[in-house]
Amino acid sequence: MPEKKSKKDFREIKRNLVNELDGFLLENDAPKKERNQALAELDLLIKQDLSGAQILLEQYKKNTQNSKEKPRAIVEKTSSDKVQRSANILDLRKISENKKISKKDYRQIFQGLKLPKIKLKKFTSSKKERVSWNLPSLPRINFNFKLAQKLAIFALILAVLLSPFRLLVLLGRIQDDKDSIWQLGKSGILNLQSGVLSASENAYQTAELNFQQALENFSEIQTVLNQYDQWILEAGTKIPLIGKQLNVGTNLLKVADNISQAALVLNQKLQTDESLTSHIAFLEEQIKNTLPYLEDASKSIKKIKIESLPDELALYFANLKDYLPRITNSLSNLEEVLSVLKEVLGESQEKRYLILFQNNNELRATGGFIGSLAVLDIYQGEIKNLEIPRGGTYDLSAGQTSMIKAPQALSLINPYFNIWDANWWPDFPSSAQKISWFYQNFGGSTIDGVIAVNAEVLKALLEVLGPQEMPEYGVVISADNLYSVIQDEVEFNYDKELNQPKAIIADLAPKLLDKLLHSSAEQKQIITTLVEQLANKNIQMYLNNPETQEKIRQFAWSGEVLKSQKDYLQVVNTNIGGGKTDNDIYQSIDHQAEVLDNGEIVNTVRVTRTNKGMENNPLSGIEGGNVSYLRFYVPQGSQFIEAVGFDTLPAGYFHSVDAKVTKDPEIQAEEDAKMIDAASQTEIYESLDKTVFANWVALKPGESQTVAIKYKLPFKLDVSNPLVNNWWTKLLSGDVFLDNYSLLIQAQAGAQNTIFNSSVLLPENLRVVWNQSSVKDKMSVSNKLVTYTNDLLGDQYFGFIVSSK
């Protein structure tokens with residue numbers, strides 16, 4: 001039996017025990033192993049003592065039942081002088097007497113407490129008395145066992161005081177592990193960067209190894225962190241010295257691990273030799289599996305303060321913080337694109353398309369003269385049939401059983417409307433429907449859609465796929481000689497007896513298509529090239545399926561004329577009788593919008609065209625130069641003011657037709673409503689929900705010419721009424737009113753060498769308070785002038801909000 005201790009001896013041992021443990025655990029030079037062992041013993045002690053209170057309650061209940069009394073909690077409020085109140089270890093140290101206690105005495109104290117193991121039952125009160133357990137004012141429970149009461153209080157105090165102390169010691173251990181964590185993290189990031197580099201060079205096996213090694217690095221970090229409970233890590237982020245690094249480190253780990261997982265998924269390749277659509281479906285699934293990792297990484301990286309990182313990591317993660325949201329959005333869009341491509345390539349059923357080869361050296365509204373076309377049957381990405389008339393589109397003229405009156409401007413070369421001229425409207429869906437009508441009504445089969453491909457696409461693909469040998473013609477076609485070789489074969493070198501000038505196109509196209517669909521080594525460059533050509537309108541698509549066509553429209557692949565709530569401009573050149581000369585034309589479009597004091601806006605558009613071609617060009621047009629029917633598409637309802645600088649072509653150049661010839665309803669509707677400005681002979685009419693101003697420009701080699709159109713817009717800036725809702729109006733003080741101006745400028749498909757400049761002049765009473773543009777660094781805002789300048793390679797916009805103050 002242990003020796004019985006007096007009350008005084010027990011209190012003294014208690015205080016000395018706390019002092020001993022306190023001092024030992026606070027020693028900075030204490031060996032880690034012994035500190036950990038001390039912590040383990042303290043954990044066991046606390047667990048035993050915390051259960052002591054419940055055990056004592058059961059003991060009291062048992063005694064009261066033996067004395068035939070109902071169980072009842074007797075609660076008394078304890079005065080402040082009877083209870084030692086402590087919020088931390090320093091409070092306990094104040095009452096200690098610094099008397100040391102041996103390990104033997106320590107064991108005797110707690111081993112001498114032999115408490116029965118009792119199964120706890122529900123404790124109830126016989127009266128409706130309110131039992132108060134308010135902490136830290138611990139209640140005094142009136143048990144007969146005085147020593148047990150004080151032990152219970154002591155155990156509770158230890159639980160409150162030693163838990164944060166244990167946390168500090170464990171966080172000290174995390175601090176010790178910091179160096180290894182950072183080193184593993186840097187190794188992981190280095191492996192991740194190496195993987196990206198290897199993947200960009202198509203070294204997929206090396207990339208996969210790099211990504212796997214990165215994951216292993218980050219897994220090792222996680223193994224280190226797993227030594228600590230999650231609550232300790234979370235609490236550690238709140239402690240000033242350790243928390244900042246711990247918080248950054250855990251977030252960095254989440255970011256890097258998620259990105260490595262995403263990279264590993266994206267780098268996987270389909271091992272089996274399946275169809276093209278199967279590869280696309282596989283890539284679509286990869287993206288779907290990757291997006292959650294990138295989204296989680298985006299959330300985690302927002303929690304990181306870049307300035308908290310070491311210099312060698314700060315720049316990397318700063319770029320990553322900006323890059324992650326954009327790549328996530330891009331991959332999400334790509335997932336949508338791939339779903340459309342599967343449909344276009346005939347994943348579930350065979351598709352038939354009419355492919356238009358447009359020569360943008362002879363520019364037309366949708367990109368170029370349709371010199372050749374093809375009928376393509378495709379199923380699951382495999383070409384099942386490809387038919388290309390060796391005589392070009394003219395081979396289809398035999399099937400046209402009725403003559404249709406051409407637009408007046410086209411009668412300069414041909415009074416009749418044919419399929420090769422049917423891309424008359426700059427809105428590709430409108431032109432595609434007309435071409436489809438011609439094809440299907442004059443001998444062709446039903447088709448699922450129309451796809452236009454400009455000559456620039458062939459050149460871009462040859463740059464990726466490499467030169468193509470054409471032994472039957474004795475030439476090798478490359479990106480550098482494409483135009484000259486094709487032009488020579490089509491115009492001069494073809495067999496005049498067979499009369500198949502487009503035979504070389506019929507022979508070249510299948511070879512390029514086969515390379516395009518089966519070249520795995522250059523697949524990324526091919527995809528990049530095709531996306532660029534779609535964005536620049538060198539490829540345009542119209543499909544009969546409304547749902548798929550709507551997605552194509554959202555991707556901006558449809559080549560349609562867009563709607564605009566404010567200002568709009570598209571300048572459309574149509575080469576009529578100008579030969580193959582448009583590659584020699586350089587053009588600048590200068591747009592000026594002047595906002596008058598009353599808010600009305602007057603636009604002036606100047607177009608300067610320069611012919612840099614050589615003289616005596618055998619492929620030039622009328623009078624040895626370039627002839628263009630120039631159309632200005634502007635907001636519907638715009639009022640013509642004047643036009644200067646245009647050419648007037650002699651009436652004798654135009655062909656007349658029989659009055660009984662069939663008239664196309666869309667063309668006839670436009671021409672019946674057409675008006676002519678007497679001074680400039682400018683045509684004014686409505687088309688595609690726009691107002692159109694049209695006239696002629698003829699240029700010989702070496703010549704330059706500037707033409708201008710002036711008109712008033714159908715809307716004005718209204719600064720007398722607020723643009724905002726009523727609740728916002730209340731926040732605006734003293735007659736401050738807002739309105740906005742924007743310009744959507746659409747590029748013509750196939751047009752090259754064009755620069756666009758715009759300037760908006762503001763009156764004295766207005767100033768710009770907000771602005772935005774499709775290419776931010778191309779826009780400039782000064783006191784009363786807003787400018788925008790850029791190469792016109794695709795559709796663009798800019799806009800701003802003005803205030804009356």
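Leaving aside its neighbours within four places in sequence, which residues is Thr548 in contact with? Select Thr548 and look around: Val340, Glu343 and Leu543 are in contact with Thr548, where contact means heavy atoms within 4.5 Å.

Before moving on, a word about what you have open. This is a predicted model, in which local features need pLDDT of at least 70 and side-chain atom pairs count only at pLDDT 80 or more, while totals for chains, interfaces and linings use all residues. Residues are numbered from 1 along each chain as its sequence is written, and side-chain values use heavy atoms, with hydrogens and water left out.

**Stop one: helix α16**

Helices (H or I, at least four residues) and strands (E, at least two) are DSSP runs, numbered from the N terminus. Thr548 has a relative accessible area of 9%, so it is buried; buried means under 20% relative accessible area, exposed over 50%, and partly exposed in between (1.4 Å probe, protein chains only).

Next, pick Asn545, the cap at the N-terminal end of α16: one of its side-chain oxygens lies 3.0 Å from the backbone nitrogen of Glu547. Just after the helix, Ala556 has a positive phi of about 65°.

**Stop two: the open sheet**

Select β5, β4, β3, β7 and β10: in the order β5-β4-β3-β7-β10, they form an open sheet of 5 strands with mixed pairing. Two strands pair if DSSP finds at least two bridges between them. The edges belong to β5 (382-387) and β10 (539-543); each has a single partner strand, so one side of each has no neighbour in the sheet. From one strand to the next, the twist averages 25°.

Zoom in on β7 (residues 449-454), which pairs with β10 in the antiparallel sense over 5 bridges. Click Gly449 and you'll find its bridge partner, Leu543, in β10. That's a residue from the opening stop, where Leu543 is in contact with Thr548.

Then show helix α12 (residues 455-465), lying across β3 (351-359), β7 and β10 and running at about 65° to β7. Helix α14 (residues 503-518) packs on the sheet too, touching β3, β4 (369-379) and β5, with its direction at about 170° to that of β5. Axes here are lines fitted to C-alpha atoms, for helices over the stretch in contact, and angles run from 0 to 180 degrees between N-to-C directions.

Select Lys537, in the loop between α15 (523-535) and β10. Its phi is near 70°, a positive value in a residue other than glycine. Lys537 counts as buried, at 8% relative accessibility.

**Last stop: Leu630**

Jump to strand β14 (residues 626-635) and select Leu630, which counts as buried at 0% relative accessibility. Its contacts beyond four places in sequence include Val571, Phe646, Phe693 and Val707. Finish with Asn575: its C-alpha atom is 8.8 Å from that of Leu630, though the two are 55 residues apart along the chain.

Note on methods: A polar contact is a pair of N or O atoms within 3.5 Å; within protein, one must be able to donate a hydrogen and the other to accept it, and residues adjacent in sequence count only if both atoms are side-chain atoms.
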